[in-house]
Amino acid sequence: MIFFLIAALLCILVPSAWLVRLRLQARGRLAFPQGDTPSDLLRVAYLRGGAGRAVDAAITAMHADGRITVQQGKVTVVEPAARTAVERALLGHCASWTGNSLRALRREARQDPALATVDGSLVKQGLLLTPGIRRLWPRVADVQVAGLVAGTVIAVVLLFHPVLRPAALATLASAAAGIVVRVVCRPRKAKIPRTDQGEKVARELETLAPWNGRDPATHPLGAAGVLAVRGPAALTDTTLRKEFEKASATRSTRTATHRRSGSPHSSYSSGSSTSSAVAVVGASCDVSCAAADTGGSGDANGSSCSSSSSSSSSCSSCSSSSSCSSGSSCSSGSSCSS
């Protein structure tokens, strides 16, 4: 009988103590550094809205200074220049099989390893939960519930044993305390796995200068800074805002359709069967190849550009029967000009 009593206490106390420890680790420890650099823009966007918001902020920043254009759901690269790893990833995806679809570009970029770097920096700052806590917290909570049930059942049975009745009552009291622990230390169901400090900073960004600005004309980071904190709906550029809304609506509609049909890969299959040629406008052959080298590989048909610039820099062509030199165009549909 003593063995069962000890087992009941262990079932209640061990998972409850583990759950309390995880909850304390989820508090965070460091403050968010202020700044106006592009890396800060991406961290703010990621903290406020996750990987999708960070990708949208990078697209908006590149659109605002004319490096890309977004029209009718298509992304056209005007100047393949990147200032951050996420922007390099975007250019790489533009040069890959995803083609120039805004919806496909957003979907693929959200899963790019460049976003893992942003996530990791926020984890180090104590603003996001570590991967270990994200994985363990729900599991430990489930184990604790199972332990509470098992411990309570054993304690109720032991109540009928006169000698162990006081200990059984103490075990039931521990189970009641474990229920309180479960309520107070339950894992969050938020979309963004923020720590307590991260939640605080995410709220303060709405009122903290310069991120509290609503006007892209006066915001230090322009439209991208406004979007990072408030989302695409806050954009004053009606055309770009509608492009984001259309891309999101199309993705949501197709995802819902795949879920209703029971597809196990519905969140990734939307639009994956469609590819289009790379659209590089206003960039020379060697510049477009350099952009592809940062993360992509040629166009959808496997062809690439081979040319030399006036400074004698060159890039080699891939194994394709078509190549382009100064003043010619690629047979795969992407054009090159010197």
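Helices (H or I, at least four residues) and strands (E, at least two) are DSSP runs, numbered from the N terminus. This is a predicted model, in which local features need pLDDT of at least 70, side-chain atom pairs count only at pLDDT 80 or more, and totals for chains, interfaces and linings use all residues. Residues are numbered from 1 along each chain as its sequence is written, and side-chain values use heavy atoms, with hydrogens and water left out. The protein has 12 helices and two strands.

**Overall build**
- From the N terminus, the order of elements is α-α-β-β-α-α-α-α-α-α-α-α-α-α.
- The protein has 338 residues, and 44% of them count as buried. Buried means under 20% relative accessible area, exposed means over 50%, and partly exposed lies in between (1.4 Å probe, protein chains only).
- Take the contacts (heavy atoms within 4.5 Å) between residues at least 6 apart in sequence: 63% of these join residues at least 24 apart.

**Stretches listed by UniProt**
- An unreviewed UniProt entry lists residues 6-24, 143-161 and 167-185 under "transmembrane region". UniProt positions follow the numbering used here, feature names are shortened, and annotations may be inferred rather than shown by experiment.
- Residues 6-24 are 100% helix and 0% strand, with end C-alpha atoms 27 Å apart.
- Residues 143-161 are 84% helix and 0% strand, and their end C-alpha atoms lie 28 Å apart.

**Helices H1 and H6**
- The axes of H1 (residues 2-25) and H6 (residues 131-158) come within 8 Å and cross at roughly 155°. H1 is therefore roughly antiparallel to H6.
- Axes are lines fitted to C-alpha atoms, for helices over the stretch in contact, and angles run from 0 to 180 degrees between N-to-C directions.
- Angles under 35 degrees count as roughly parallel, over 145 as roughly antiparallel, 65 to 115 as roughly perpendicular, and the rest as oblique.

**Helix H4**
- H4 (residues 102-110) is mostly covered, with eight of its nine residues buried.
- Among the buried residues of H4 are Arg 103, Arg 106, Arg 107 and Glu 108.

**Ala 57**
- Ala 57 sits in helix H2 (residues 38-64).
- Ala 57 counts as buried because its relative accessibility is 0%.
- Leaving aside neighbours within four places in sequence, Ala 57 is in contact with Leu 41, Ala 45, Ala 224 and Leu 227.
- Ala 57 and Ala 223 are 166 residues apart in sequence, and 8.3 Å apart in space from C-alpha to C-alpha.
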